[in-house]
Structure formats: structure tokens, C-alpha cells
Amino acid sequence: MASAPLDLPLSKEKLDEINAHLSTLTPEEILKWAVDHVPGLYQTTAFGLTGLVAIDMLSKITSSPPPLIFLDTLYHFPETYELVEDVKAKYNVPIHVYKPEGCRNVKEFQAKHGEKLWETDEDTYDYVVKVEPARRAYADLGVKAVITGRRASQGADRASLQPLEIDSTGLLKLNPLFQWNFPLVEWYINENKVPRNKLLDQGYRSVGDWHSTTKVKEGQDERAGRWAGREKTECGLHKDYFAMKAQAKAAAGTAQLPPTLSLRSFPFFPYKLSNPSALMVLQPNFGPHDRDFPLLPTINSREIEDRVYTHRSFYARPTHVFEDHPSDLSPDNEKFEHLGDVVLGLCVTKLMMRLYPGLHVGPSTKIRALVVGNNTLAAMLVIFVIGSDCELNLTSVIFSSSKYKLPDRLRLHPAQAIALRASTHIQADVLESYIGGLFQEQGLEAVERWLDPLFTPYAISAYQIVRMQHGLSMLPTPSSSPRSSNANNTLAPTTTTGHLALFNQRLQKRDCSVEWIYSNAPEEEETNVDEFTQHASKTTPVWYVKVLVNGEFYGKGRGNTKKAARNEAAKIGLERLDVWCVEVNQTRCSQLFSQTIL
């Protein structure tokens, strides 16, 4: 292969080509290739045997080996810290030490996170002591690729290891000894007099934190002493970063409950919460089968829509550039995401002021944080499938919980697509990007028409949670949604006509004839007209319609316009066609539908 720096990010095809080449090389040759080709190369190490072999090999390959990154969890064995000094003395390689954020020692760590966090919340512990410090190091040092000590012979998640991999953040991970087994590693250590952990002479074979490392019995796997008796096989560094971050963030939010309350704020009895974590889950009510969940508004500009769905990894433009040239603006969705974040905050703040005008800023801020959090935004994207090239299947289309599955449309770098689409962070970002694109094209009013009914149930749920955090009882949830209220006692305007569009499409497919019969008064047999309709007929026009299909009565409806009345009748007609349907935006009806089971 040509001796030139890699052009990052790598496509899947390029990654496969590189791995096919590296698989034929020795560990020394793989490391030599990396030194020649890989930019921003560092070695992360806890000074295990495989990492020590790589350090020694690199010292013989180049006079300026990649710097080391040592993640000091504060819970390493004393022998491990001794080994760090031995490596410094022998190889004279730069070692960057990163500790848990804001903690210089165990005492400060326990004050911040409590005692034995590895027992009370193992995943959060991994994130705090390994994942977050590693990401901080990568950002500080400009790391684009790391050399690891992983080997396929270590089994579990490592069994299918490749020489070069790309994680969910786009970081390259080089595994030069991926094909070696433990005896080969041990042979190299002894043959080349590489410094090693003294614990290896005491029955240990893989050394991590003292609280999660035990000696290995004869015949056991080399990593059997790591997290013994548990299903765990990795410390978190080689898991999905975004998932780890989201989980740690959620745990941190739960840990803050209940808040500290003074006697003045709650004087009569101590406030206790038996299951605080359950209260952090928003439970919005959109009616049966989520029928009041609003449909996604249409972005008419193809250029804006393309940008909305283009992740920065797709074009992989440099991120260190201060400003794009006006003739070459970045085509990804980051600016729309930034704009959407601001617009979303504004809309939700205005919504909170309308819903709870007496609410103080403090609790209002807590509610807003719950409502616009990544987990909430991502939850809106899980069911409803959006497709621009689909045709309606008249025999099997069933409309179910109409949530937006925007990440399916994201254009991503192929090597990162699966991991990024699964990330809560990315899912939330694409919703914010859509908000930004809609605002750019149609303005704030269009965004609010969409977001107000979308976020109202979330805001009501979050309001109840924050009330309980403040030691107050929950309030009864309103039985009707804001969409159904009407201060003027007139017929609420029908904002969607998707039933009508779908009804017409079904009839066209079946080659049926349809007849609409209008009147401006209810049929004679409809003598029990409610007071609401009587008042409406006196103040605004009310149309009545019935629909006949091939001469057979299929439904009737009423509305302030003929189209609205036809839509109501079409809804009943669809039920006759054995389709339960939620409201669908007419302009998207031919593009948006769900085939999930009701």
C-alpha cells in the first residue's frame, strides 16, 4: 500500500481493504504501517502485557513512538503505579495521565460519587473512571486513533476482533496483536526483558482495578480474574460511547433525587421517595393509541431537507476550520441542529408560561430540562417510519403510534452508521435539526403549531414529576387535551385531512365510485343535536356530508368547511375498510405511513 496518511474518515470499503492487508502482517509490521499512515496516533494503556509488548515494539520501530495515555482510575494496585515508573525510565515515552474529572485521589472521588460506586452502579463507575477521562484526553490531545492491547484470543466481545476498527465516535482503534495468544505475549515479554507487573508472579494474569481483579486458577482463561462471577467482559472503553454517556447522565439525574428540602419549604413531615428513579420517566398522554400525537410537518425545500438529514460524518469536513467560505458552506445539519436547539428552548419556555403562568423560574427550568432532554427527544423518534418512495399497501396498512423515525433517513458515514443511528444523542440531534430546518423555511409560527401539541403532554408529565420533587402532591391530569378545547364554543378547525386523502387513494386503487352528498343542516332523523352544534350553526357555517361508495352508505361527517366534513366522513369510511387511522397530514399521506402492529 502507498506510504501516505489515511484520508479520514474511512469508508467501509476502505476499512475492509486495510484490514485485508493488515491481516497478513506481523504485529511489528502493523505498528510500522500505523506510524507511517495514521494521523493523531496515541496508545491507550493500563500497562497490561499486550500493551507492554506494543510499547516495546514501537520503541524499536521509531525514535518518536506514539505518546501513551494512562487512565488512572485511582483504584489501581500499587504494583501498577510502580510499573508506570518503570516504563517511563526504560522507554522515555511521554505519558499523559488522566483521572476522573475533579478528583485527585480516592477521598475526593468518594466525596463526589460515594463509596464503592463500582458496586452500586457499575456502568456509571466505568463511565466516570474510564470513558469520560478517555474522551477528555482525546479532545485535549487531538487523538484520532489509538493503539489497544486487545486480542481475539481473549474471547467474549473480542473473539471477532479485526486489526483496525472504528468506534461509534469515529475513533480508529488499532489492535496490532489481535492474532496473538497469551503464550506468545508472555514469550515476547520474557525474551525482550520488557518490564511487567509484579502481580503476574503472584497468580494474576490480567490486572485492572484492585476491587475487580482476582487471581486466576490453573486452566482458567487469562481474563477469568477480571470481574469474576459476573457476565461483564469490558470496562466501558470499548462499548458504545454515546450509550454509556446517556446511561451515566440518567443515573446522575436520578442520584439528585430527592432534593434537599428545608423545614420552611415542607414543615410537617419528612419527605421520602421510595422509588425516585421511576419519577424521572416522562409518561405523556396522547390518548388511546397515541391518536393525538401530531404528524410531522412538511419541509418543502429539498435543499433544506437534505441538509437536515446529513450528519457531519457523511462529508467528513474538517472540524478545526474557523469559518466556511461563503461559496463553500458546510452541507451538513450542524447549523440547523444549533438553530433548532435554540428554537426548541424558546417554544417550550413559551409553552410553560402559557400552561403554568404562576410557575417560578426555578421549577420551570427543571421541567424544561426534562422535556427537552435527549432521552425525551429520542423517544419521539422510535416508531413512525417516514419514506419518500413508498406506495400504500391497501390490504395491510395500519396506523399505529405515530412517532417520528427520523434517524432512518440520516445520511451517515457507512462505517459509523449503525452505531450513530442507535445513539440517543444523535437521535435527539436530528429532531433538533428538523426543527431548525422548519424554522428556517416557515418561521416560528409553523414550528409552534407543531411543537405545542407535541410537547404539551410531556410538559404536563414533567410538571407532575417536579411537583413531587418539591414535596407537593400530584394534580389531576386534565381529561381533555388542549387540541380539543375551544374557548369560543365553535367547531374546532380541522387541521389535517389525511383521512380523506387515504380514503380516496384506497377507493381509486379499488376502482370504486364515490359520491358526496352535502347539506347545511343535519338529517331529519338526527333530532338530538347537541347544544354545542346548535350554537356553532348560529355563528359559523357548518356543513354536513354523507359519502356513498358504489351506491352504499359508508359514513357521514360535519365541519366548518366542506373539506373538513368530508374528512370526518372519510374517517368513518376507513373504519368500514377495516383501517384504524390516526390523523395524517394530507400533503404527506403518500409518503408517511406505518406498518407497525396496532
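1. Aromatic pairs. A search of the whole structure, which is a predicted model, finds 13 aromatic pairs. One of them joins Tyr75 and Phe109. Their ring centres lie 5.7 Å apart, with 80 degrees between the planes. The pair is edge-to-face, because planes over 60 degrees apart count as such.

2. Where that pair sits. Tyr75 belongs to the loop between strand S2 (68–71) and helix H4 (78–91). Phe109 is part of helix H5 (residues 106–113). Are Tyr75 and Phe109 buried or exposed? Both Tyr75 and Phe109 are buried. The two rings also belong to one aromatic cluster, made up of Tyr75, Phe109, Tyr125 and Trp210.

3. A stacked pair. Tyr356 and Tyr463 have ring centres 3.8 Å apart and planes at 5 degrees, so this pair is stacked. Tyr356 lies in the loop between helix H13 (334–355) and helix H14 (361–371). Tyr463 lies in helix H18 (residues 444–469). The pair ties together parts that are 107 residues apart in sequence. Tyr356 is buried, and Tyr463 is buried too.

4. Charges over rings. Two places deserve a look here. Arg307 lies over the face of Phe336, at 4.4 Å from the ring centre. Lys562 lies over the face of Trp543, and here the figure is 4.9 Å from the ring centre.

5. The largest nonpolar core. In soluble globular proteins, nonpolar side chains tend to be buried together. The largest nonpolar core in this model has 48 residues. Which residues have the most contacts inside it? They are Trp33, Phe47, Leu52, Leu164 and Leu174. Helix H3 (residues 49–61) supplies the largest share of this core, 7 residues.

6. A second core is separate and has 42 residues. Ile367, Val371, Tyr434 and Tyr458 are included in this second core.7. Thr45. Thr45 is found in the loop between strand S1 (41–44) and H3. Thr45 is buried, because its relative accessible area is 9% and buried means under 20%. A polar atom of the Thr45 side chain lies 2.8 Å from the backbone nitrogen of Phe47. Beyond residues up to four places away in sequence, Thr45 touches Gly51, Ile55, Leu68, Ile69, Phe70 and Leu71.

7. Asn175. Where is Asn175? Asn175 is in the loop between strand S6 (172–174) and helix H8 (182–191). Asn175 is buried, with a relative accessible area of 0%. The Asn175 side chain makes a polar contact with the side chain of Thr148, at 2.5 Å. A polar atom of the Asn175 side chain also lies 2.8 Å from the backbone oxygen of Gln162. Residues up to four places away in sequence aside, Asn175 touches Thr148, Arg150, Leu161, Gln162, Pro163 and Glu165.

8. Leu507. Leu507 has its place in helix H19 (residues 498–509). Leu507 is buried, with a relative accessible area of 3%. Not counting residues up to four places away in sequence, Leu507 touches Cys512, Val514 and Val549. Leu507 and Asn550 are 43 residues apart in sequence. In space, their C-alpha atoms are 9.9 Å apart.

9. Cysteines. How many disulfides does a search of the whole structure find? The search finds 0 disulfides. Cys103 is buried, with a relative accessible area of 4%. Cys347 also counts as buried, at 2% relative accessibility.

10. The whole protein. The secondary structure comes to 21 helices and 9 strands. Of the 598 residues, 46% count as buried. Among contacts with a separation of 6 or more, 72% are between residues 24 or more positions apart.

Note on methods. Residues numbered from 1 in each chain as written. Predicted model: local features only at pLDDT ≥ 70, side-chain atom pairs only at ≥ 80, totals over all residues. Heavy atoms only, no water. Phe/Tyr/Trp six-rings, centres within 6.5 Å; stacked < 30°, edge-to-face > 60°. Helix = DSSP H or I, 4+ residues; strand = E, 2+ residues; numbered from the N terminus. Buried < 20%, exposed > 50% of the residue type's maximum accessible area, 1.4 Å probe, protein only. Lys NZ or Arg CZ within 6 Å of the ring centre and 35° of its normal. Core = buried A, V, L, I, M, F, W, Y, C linked by side-chain atoms within 4.5 Å. Polar contact = N/O pair within 3.5 Å; in protein donor to acceptor, adjacent residues only side chain to side chain. Contact = heavy atoms within 4.5 Å. Disulfide = S-S within 2.5 Å.
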